[in-house]
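Please read them with the structure open.

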Amino acid sequence: MHEHDVSGSALAVGWLRAIHLLARPVLGVPPDVLTGCGVLSALAAVWLASLGGEALWFALAAIVATGVFDGLDGAVALRTGRARPLGAVLDAAADRLTELAFVAVLLVLGAPAAWCAAMAVLLLLHEYIRARAQAAGLRGAGAITVAERPTRLIVPAVAVTGAAVVPAGTPWTGWPWGTTCAVLGTGLSLIGLAHLWVGVARAFGRSEEQG
């Protein structure tokens, strides 16, 4: 993703600029290594979250690091001319693994397994539909939904931060932070899936009319 693709979002542009700045010292590192580091940091977040207490702050750092590595691998690949189809496939697979790890973070923070399973199924279905639509000729993402990659990072980040600051649970509900964030994440994933489906259906509908 380039700056002109997200010109309407100052936050997104700022993030891209920061990532490309951070990429300078690691241009010699193979992108696939950076991708692997992202997966490892996500797995570390699960372990750290399970420890509770002060370790929750390290879990938060691991979640943030996962997002940084996720940006760095693409930035390094583009700036060094090492972008390749296999790397894109590995990156997509790593994204799904890290997102499942983030669901596991919610699980160890007290979320019921059923909510975690629902959230995992919805986010995987979201990406499956997009991938199949693109394979069938869809140009672009179909729709940019509320359940994209940044949201999938923010939800577990909120969960570990909340658990660290207010261990007794979320205000008013008293639910564990994992439960609250799993419910939130599942709701956003459901809305995002519906949005994506409508976007894909409209895109193919226009293609059929033009054809």
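How many cavities of 30 Å³ or more does the count come to?

1. The count comes to 3 cavities of 30 Å³ or more. A cavity here is a set of points on a 1 Å grid over the protein atoms alone, where a 1.4 Å probe fits but cannot get out. Volume is the space filled by probe spheres set on the points, with grid points joined across faces, edges and corners.

2. On provenance: this is a predicted model, where local features need pLDDT of at least 70 and side-chain atom pairs count only at pLDDT 80 or more, while totals for chains, interfaces and linings use all residues. Residues are numbered from 1 along each chain as its sequence is written, and side-chain values use heavy atoms, with hydrogens and water left out.

3. The largest cavity has a volume of about 50 Å³. Its lining (residues with an atom within 4 Å of a point) includes Leu-34, Thr-66, Asp-70, Asp-91 and Arg-149. By class, the lining has 3 nonpolar, 4 polar and 5 charged residues. Nonpolar covers Ala, Val, Leu, Ile, Met, Phe, Trp, Tyr, Cys and Pro; charged covers Asp, Glu, Lys and Arg; the others, Gly among them, are polar. H2, H3 and H4 (85–108) each supply at least two lining residues. Helices are DSSP runs (H or I, at least four residues), numbered from the N terminus.

4. Now H2 (residues 31–51) and H3 (residues 55–80). Their axes come within 8 Å and cross at roughly 165 degrees. Axes are lines fitted to C-alpha atoms over the stretch in contact, and angles run from 0 to 180 degrees between N-to-C directions. H2 and H3 are therefore roughly antiparallel (over 145 degrees). Their crossing is left-handed: the near helix is turned anticlockwise from the far one by less than a right angle. The contact of H2 with H3 has 19 nonpolar, 4 polar and 1 charged residues.

5. H3 and H6 also deserve a look. Their axes come within 8 Å and cross at roughly 165 degrees, so H3 and H6 are roughly antiparallel. The crossing is left-handed.

6. H4 and H6 pack at an angle of about 25 degrees, with axes 9 Å apart. They are therefore roughly parallel (under 35 degrees). This crossing is left-handed.

7. Check Trp-172. Its phi is positive, about 75 degrees, although it is not a glycine. Trp-172 lies in the loop between H6 (149–165) and H7 (177–210). The residue is exposed, with a relative accessible area of 90% (exposed means over 50%, with a 1.4 Å probe and protein chains only).

Methods: Parallel < 35°, antiparallel > 145°, perpendicular 65-115°, else oblique. 1 Å grid on protein atoms, 1.4 Å probe; cavity = no way out; pocket = protein on both sides within 12 Å on 5 of 7 lines; lining within 4 Å. Buried < 20%, exposed > 50% of the residue type's maximum accessible area, 1.4 Å probe, protein only.
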